[in-house]
Amino acid sequence: MAKILVLHGPNLNLLGEREPGIYGHATLDQINAGLQARAAAAGHELSDFQSNAEHELVDRVQAARRDGTAFILINPAAFTHTSVALRDALAAVALPFIEVHLSNPHAREPFRAHSYFSSLALGVVCGFGADSYGYALEAALKRLSTP
Ligand SMILES: O=C(O)[C@@H]1C=C(O)[C@@H](O)[C@H](O)C1
């Protein structure tokens with residue numbers, strides 16, 4: 001059994017009502033519930049955390065260093081394009097992580113094309129709506145089951 005942490009950045013608490021043409025209609029609770037069920041079916045423990053505050057996400061990443069977390073899925077949301085601090089926290093804890101986005105940032109405004117996280121991530125899943133999280137979880141589960 002491994003502990004998987006899913007982190008959601010700012011404004012993702014509004015999913016379901018926030019620009020559904022871009023981010024879809026699934027709520028964050030629905031996304032988290034689906035991930036929880038899939039992880040449990042694979043015998044793993046999944047926890048999730050969302051914050052609109054950069055420092056809270058940094059603190060949660062730092063806490064993962066001591067709480068047995070084996071893998072992180074993170075959608076940094078707008079912090080994708082701005083947060084050296086959150087990137088540094090991930091580098092500091094040195095846990096494997098996959099960067100997730102509901103939309104395809106490369107097909108949107110130019111400022112969204114840069115991510116502070118992608119070069120540090122095992123991989124990036126973007127553009128598949130809520131399924132982006134599910135695909136990223138499958139990749140994590142495969143990595144966790146590979147000796
Ligand atoms: O598609 C997403 O999940 C990301 C979510 C956000 O809130 C944006 O700021 C990012 O640019 C894209």
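Which side chain makes a polar contact with the side chain of His101? The side chain of Glu99 does, at 2.6 Å. A polar contact is a pair of N or O atoms within 3.5 Å; within protein, one must be able to donate a hydrogen and the other to accept it, and residues adjacent in sequence count only if both atoms are side-chain atoms.

## Basis of the model

This is a predicted model, in which local features need pLDDT of at least 70, side-chain atom pairs count only at pLDDT 80 or more, and totals for chains, interfaces and linings use all residues. Residues are numbered from 1 along each chain as its sequence is written, and side-chain values use heavy atoms, with hydrogens and water left out.

## The annotated pair

An unreviewed UniProt entry lists Tyr23 and His101 under "active site". UniProt positions follow the numbering used here, feature names are shortened, and annotations may be inferred rather than shown by experiment. The two residues are spread over 79 residues of sequence, yet they cluster in space, with a largest C-alpha distance of 9.2 Å. The lining of the largest pocket includes both Tyr23 and His101. A pocket is found on a 1 Å grid over the protein atoms alone: it is an open set of points where a 1.4 Å probe fits, with protein on both sides within 12 Å along at least five of seven lines, and lining residues have an atom within 4 Å of a point.

Tyr23 lies in helix H1, residues 20-23. Helices (H or I, at least four residues) and strands (E, at least two) are DSSP runs, numbered from the N terminus. Tyr23 counts as buried because its relative accessible area is 7%; the cut-off for buried is under 20%, with exposed over 50% and partly exposed in between (1.4 Å probe, protein chains only). Its side chain makes a polar contact with the side chain of Arg18, at 3.3 Å. His101 sits in strand E4. His101 is also buried, at 7% relative accessibility. Beyond four places in sequence, the contacts of His101 (heavy atoms within 4.5 Å) include Asn75, Thr80, Cys126 and Ser132.

## Around the ligand

Residues surrounding the ligand (a heavy atom within 4 Å) include Arg18, Tyr23, His81, His101 and Arg108. For Asn75 the distance is 2.8 Å. For Ser103 it is 2.5 Å. For Arg112 it is 2.8 Å.

## Nonpolar cores

A nonpolar core is a set of buried Ala, Val, Leu, Ile, Met, Phe, Trp, Tyr and Cys residues joined through side-chain atoms within 4.5 Å. The largest one has 22 residues, and Leu73 and Tyr133 touch the most other members. Strands E1 (3-8), E3 (69-75) and E4 (97-101) each give two or more residues to this core, as do helices H2 and H5 (131-145). H5 gives the most, with five.

Beyond four places in sequence, Tyr133 touches residues including Val6, Ile31, Leu73, Asn75 and Val100. Apart from this core lies another, of 17 residues, among them Leu7, Val58, Ala89 and Val93.

## His44

His44 is in the loop between helix H2 (28-41) and strand E2 (45-50). Why is His44 counted as buried? Its relative accessibility is 18%. A polar atom of the His44 side chain lies 2.9 Å from the backbone nitrogen of Ala2. Other residues that His44 touches, beyond four places in sequence, include Met1, Ile4, Ala39 and Leu141.
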